[in-house]
Amino acid sequence: MARQPNWSPWQEVRRLQRDLEHLFERGNLAPRESEYPPVNVTHTPDGLIFVEVMCPGADKGTLELTVAGDTLTIKGERKPEEGVADTRYRRRQRPMGPFTRTMRLGDRIDTDAVQATYAHGILLVQLARVPEATPKRIAIRS
Amino acid sequence: MPTGPHDPGGSRLRDDEDARTVIPATDVFETETGFTIVADMPGVAPERLEVTTEGDALTIRGRVTRASRPPDHREFELADYAQTFTLTDDVDPARIRAALKDGVLRITVPKSATIQPRRIEIDPA
């Protein structure tokens, strides 16, 4: 490969880093962010936003959603098995404890139009954008 | 009621014959009376879950249904689940019970009656 006059090894390193990031994005088993719980967000053309939250076994009484401005906060808790001593465990892989996830959705949210369901361990939140103010022509009085 | 982030008017869901299969995160603990297996299987509806035993193998299998359109921002992708456990010979496969709630499968595997402490009646002389 012919070297460009302004070739810099750091540029190559950065390019490699970008390529690696893309590679890991495609292998989507590992969450892109280490925050729990992981979320998927979809914006629809008609102004709705769907947030899917993967939080199996969350205690329904502890699940709490808050919307303010463009920010959605999800709180909940996975409670450990009651009355089972640590020494009884032969295998322990499931994360436990309280969790909080806050995300900015990029649009102002209509706080009156938030709906949520929790089914099969997936919390599905439907939100609606506040419609943009429509331009208004102002008549000028003489 | 939200129904999901699907294409408006488009095909809603697809059955994932080609979905990847992963091993679910699992806890296993032992009590006096048996073993309990708890597995995270988010996205699996009860009718798409299978728990089977064959010989000393206990197999769990769950299939997910995913949205037809990929999300704009993705941090997880639902995949089918499969895992096989080997039953020890001190358990009673006939009395295994399983329940699925909020994407969490819970299986109780009782120990055989012969293993559990038992009081022996004394025959009258």
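## Basis

In this predicted model, local features need pLDDT of at least 70 and side-chain atom pairs count only at pLDDT 80 or more, while totals for chains, interfaces and linings use all residues. Residues are numbered from 1 along each chain as its sequence is written, chains are lettered from A and ligands numbered from 1 in the order written, and side-chain values use heavy atoms, with hydrogens and water left out.

## Chain B

Chain B has ten strands and zero helices (DSSP runs: E, at least two residues, for strands; H or I, at least four, for helices). Its sequence pattern is β-β-β-β-β-β-β-β-β-β.

Of the 125 residues in chain B, 46% are buried (under 20% relative accessible area; exposed is over 50%, partly exposed in between; 1.4 Å probe, protein chains only). Among contacts (heavy atoms within 4.5 Å) with a separation of 6 or more in chain B, 54% join residues 24 or more positions apart. Chain B exposes about 7,200 Å², 51% of it from carbon and sulfur atoms (Shrake-Rupley method, 1.4 Å probe).

## Aromatic pairs

The whole structure holds two aromatic pairs over all chains (ring centres within 6.5 Å; planes under 30 degrees apart are stacked, over 60 edge-to-face, the rest tilted). The rings of Tyr36(A) and Phe99(A) have centres 5.5 Å apart and planes at 75 degrees, so this pair is edge-to-face. Tyr36(A) lies in the loop between helix H1 (9-26) and strand S1 (39-43) of chain A, and Phe99(A) in strand S6 (residues 97-104) of chain A, so the pair ties together parts 63 residues apart in sequence. Tyr36(A) is partly exposed at 28% relative accessibility, and Phe99(A) is buried at 7%.

## Charges over rings

Arg92(A) lies over the face of Tyr89(A), 3.8 Å from the ring centre (criterion: NZ of Lys or CZ of Arg within 6 Å of the ring centre and within 35 degrees of the ring normal). Lys111(B) lies over the face of Phe35(B), at 5.7 Å from the ring centre.

Definitions and conventions:
Phe/Tyr/Trp six-rings, centres within 6.5 Å; stacked < 30°, edge-to-face > 60°.
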